[in-house]
Amino acid sequence: MPVAEVRGEAVDKPKVVLGVSGGIAAYKACELLRRLTESGHDVRVVPTASALHFVGAATWSALSGHPVSTEVWDDVHEVPHVRIGQHADLVVVAPATADMLAKAAHGLADDLLTNTLLTARCPVVFAPAMHTEMWEHPATQENVATLRRRGALVIEPAVGRLTGVDTGKGRLPDPGEIFEVCRRVLARGVTEPDLKGRHVVVSAGGTREPLDPVRFLGNRSSGKQGYALARTAAARGARVTLIAANSTLPDPAGVDVVPVGTATHLREAVLKAAADADAVVMAAAVADFRPVTYAAGKIKKKDDQEPEPIALVRNPDILAEISTDRVRPGQVIVGFAAETDDVLANGRAKLKRKGCDLLVVNEVGERKTFGSEENEAVVLGTDGSETAVPHGPKEALAETVWDLVAGRLG
Ligand code: CTP
């Protein structure tokens, strides 16, 4: 087992196998490899022979610091076809072609990567990339379903530009986001994604209520907590719809992102996605009010005249609406509350008022929560439970929320 030095102490590095199959997106796996090695993982790259048409063995070897083979016949005395898979903490195949998914689903083992997949007992992540027609073909879809049923995490491909001029679903997600999935899966250290087969909806960001074509009433929500919730749910196997209000953050891997602007748009998108959802988490900062009128032209200042007051009207309370009129029995609904004083008492009252199942109560104030990478909260349950989440990364709070949701989904 390779050992690394951290502040003079010997520590074991998590062992990751990066499988690369033969698609044009193989070049993006170099970035994933770099992120994995730079963050302290020991990465063994196992490309297929086809993958080497796109990126050569020298690149994989130089970036990983390990020899690279595609066949089972190199270094036979070390029995690599068994050893590499057995010793891995995580296997990630990126890109995974239609052919690779088919081989993995059927247990074929005709090269080093497919042998490794059969011997691995750790979590396995596939990041497919192919043309839309190949992804949507029933053969591929059945292979994906088989792999998921057996516990593999198959990330939904992104939508966008494919090889050549066509666009559609089938793009490899951003390598940085595939890396985040790997990090979450390794951190949880469980082989079976516990939210597989579930559809969850997360709202994130802050709504903007326009006054005229250039101005709006908005808020300072960065969207980071909602994105962390979406990313962690995807890494736990859920199908995730992320309703993102005015966020510029990168799309999390495998997540269906629906961009929205105003509270009215957000409401429409949430109601639509919630219709078949197992859980809805309202992390978005929704404007409670919007201007009564929208000026079609820019509002101009007039010399020697005080500005007109802005008349406001209430926006619908989406969280209260979906909690009161439950569209699906057993659906778990989670709200967020930002409080500055009497945090727990106000949180309990809000939980009751909104009618949701769980309420994540944040203490906010200057320099607290907004835009930061970290958070601290108490999650209140209708059963009287109080789960304190200490100050830490927003992913940690997200994992706790999903633990509580998963517990309620049974
Ligand atoms: N929310 C919503 N629709 C609104 C306003 C808020 O769905 N029109 C949701 C938010 O997404 C969040 C929770 O309700 O999950 C926050 O409730 P809110 O009443 O706005 O609480 P605070 O933001 O804490 O503000 P206040 O204390 O003013 O009630």
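**The chain and one of its helices**

Student: How much of the chain is buried?
Tutor: Of the 410 residues in the chain, 50% are buried, and please keep in mind that this is a predicted model.

Student: And how many helices and strands are there in the chain?
Tutor: The chain has 14 helices and 21 strands. Its radius of gyration is 24 Å, close to the 22 Å that the globule rule gives for 410 residues, so the chain is as compact as a globular protein of that length.

Student: What share of the contacts comes from residues 24 or more positions apart?
Tutor: Among contacts with a separation of 6 or more, such residues account for 68%.

Student: Now α9: what span should its 14 residues have, and why?
Tutor: Helix α9 covers residues 175-188, and at 1.5 Å a residue it should span 20 Å, which agrees with its end C-alpha atoms being 20 Å apart.

Student: Is α9 mostly covered or mostly uncovered?
Tutor: Mostly covered, since ten of its 14 residues are buried; among them are Ile178, Phe179, Val181 and Cys182, and also the charged residues Glu177, Glu180 and Arg184.

Student: What do those buried residues pack against?
Tutor: The buried residues of α9 pack against the helices α1 (26-38), α10 (224-235) and α14 (394-409), and also against the strands β5 (90-96), β6 (124-128) and β7 (153-154).

Student: Which residue takes a positive phi just after α9?
Tutor: That is Gly189, with a phi of about 65°.

Key:
Residues are numbered from 1 along each chain as its sequence is written. This is a predicted model: local features need pLDDT of at least 70, side-chain atom pairs count only at pLDDT 80 or more; totals for chains, interfaces and linings use all residues. Side-chain values use heavy atoms; hydrogens and water are left out. Helices (H or I, at least four residues) and strands (E, at least two) are DSSP runs, numbered from the N terminus. The expected span of a helix is 1.5 Å times one less than its number of residues. Buried means under 20% relative accessible area, exposed over 50%, partly exposed in between (1.4 Å probe, protein chains only). Contact means heavy atoms within 4.5 Å. The radius of gyration is taken over C-alpha atoms; the globule rule is 2.2 Å times the number of residues to the power 0.38.
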